[in-house]
Amino acid sequence: MRRNSDIFVIGGGLAGLLAACRIARAGRTVHLVEAGRTLGGRARATALATTTANVGPHALYAAGHLAAALATLGVRVSGGRPAAGAAIWSGSESPLPAGPATLLRSRLLPGRSKWAFLRAVAALRRADARKVTSLTVAAALERLTDDRHVRTLLAALVRLATYVHAPDLMSAEVAWTQLQLALRGGVRYVDGGWQALVDGLATCARAQGVRVETGRRVARVTVERGGPRVHLPGGAWRDAAAVVVATGPRRAARLLADVLDPATLSPPASVHAACVDLVLEGPPPAPPHLVLGIDVPHYLSVHSAYANLGPPDRHLVSCAAYLPPNATADAGRAALADLETWVAALRPSWQHRIVAIRRMPHLPVVPLLPRAADGGFAGRPRHDLLAAAGIFLAGDYVGAHGHLADAAAASAKAAADDVLAILGPSARAAGGAR
Ligand SMILES: Cc1cc2nc3c(=O)[nH]c(=O)nc-3n(C[C@H](O)[C@H](O)[C@H](O)COP(=O)(O)OP(=O)(O)OC[C@H]3O[C@@H](n4cnc5c(N)ncnc54)[C@H](O)[C@@H]3O)c2cc1C
């Protein structure tokens, strides 16, 4: 093992940044190489008509792995918690129940179903998600309640919490985990968009001495003389003490083709979303600011009502259509057209206030869908699959903990901790230099 060589992290999305920060904090020298011109991967945000817009609507689970990792690294997060908002069912809009009082007032469910809903939510809160790993969401909902209205409403809440519209495929473990996370801590829209998280992590990485290179795509990782070798463009290579591969699964499979059968990382199903951002001008839009389709897989939310994303007279509305697993780009474009029609019908008064539109018909949200048939979260590749070669995986398709960005954070922590366990902290850190 090359104890005194540097550690390479490949990929500068959340997983790569988190792993790099955690390893560098222990005093090890870390190189982070990102193919894109900027850091952040899918968590970056961009300017849209003087607002800051995430790449599709993003909400931070306050009780999740990512929030915990950011707190550990001292990355401060501010922003607001969205209110429950409204639901559209059979074309009519009613408040989404935020608790027993709003449920009793809401016209969303018939009277008898309201009690069934309360019972189902209470059972869900107490449920052990590991016991429904091999059940699909649809099967687990059947077990939870015999009320079909309640099942339909819960399926829509699962979609909202997981970003996945696949009740007949997805493991109920994912659904239960996310709903419990939402019930426990709620979510937060982040001031400055998720770019604030990326910038906070980049600052943390640089402060810990991480050498960050953007615009450089690693070509391959091989194993030579007992350790990992990182091949850079143009034929250059560097031997490393350890490598954390924090790209998505397809890139990782290509990078590691010499040491791992690419089929090992090939996702049986992945999930995309069709998203559109609208920037409205003028006074703030009236509440409800979040509207969830119950019988259509659509969502809209005025993110700027809860997070500081631009000047007070500009309002960012993020809308999404949840696509079925393995949907094509053409299916995404068709869903986007439906979504825009839905939004226009729902909020006709917004149409003359729109100053910018950004259409993103096919965004990769969940690179590997944890299916019931594959054992839920445990069906994802382990972070230490190639530990014997000094290579570790991190990302939102890795490991048995968390969904979405929480999986990226949990696997980054596991990978970083294993790197440190194998190599140990540097003499600098061990000597108390920090
Ligand atoms: C529309 C949408 C909505 C979402 N909403 C939420 C949400 O509400 N809550 C939530 O928790 N999560 C959400 N997510 C998921 C979240 O964005 C991701 O889980 C997270 O950003 C993944 O981080 P990552 O580092 O694992 O992967 P990525 O962000 O994909 O980063 C991988 C990085 O590796 C780089 N790379 C690839 N190949 C190479 C190479 N050969 N050399 C160097 N670099 C390379 C890429 O350029 C990229 O920057 C959403 C995602 C989308 C798309």
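Q: At what distance is an oxygen atom of the ligand from a polar backbone atom of Arg-42?
A: This is a predicted model, in which local features need pLDDT of at least 70, side-chain atom pairs count only at pLDDT 80 or more, and totals for chains, interfaces and linings use all residues. Residues are numbered from 1 along each chain as its sequence is written, and side-chain values use heavy atoms, without hydrogens and water. A polar contact is a pair of N or O atoms within 3.5 Å. For Arg-42, the distance from a polar backbone atom to a ligand oxygen is 2.8 Å.

Q: How much of the area that the ligand exposes when taken alone does the protein bury?
A: Accessible areas come from the Shrake-Rupley method with a 1.4 Å probe. Taken alone, the ligand exposes 1000 Å². The share buried by the protein is 94%.

Q: Which element gives the most residues to the shell around the ligand?
A: Strands are DSSP runs of E with at least two residues, and helices are runs of H or I with at least four. Elements giving two or more residues to this shell include α1 (14–25) and β19 (354–366). The largest contribution, three residues, is from β19.

Q: Is Thr-162 buried or exposed?
A: Thr-162 has its place in helix α6 (residues 148–162). Buried means under 20% relative accessible area, and exposed means over 50%. Because its relative accessible area is 0%, Thr-162 is buried.

Technical notes. A polar contact is a pair of N or O atoms within 3.5 Å; within protein, one must be able to donate a hydrogen and the other to accept it, and residues adjacent in sequence count only if both atoms are side-chain atoms. Buried means under 20% relative accessible area, exposed over 50%, partly exposed in between (1.4 Å probe, protein chains only).
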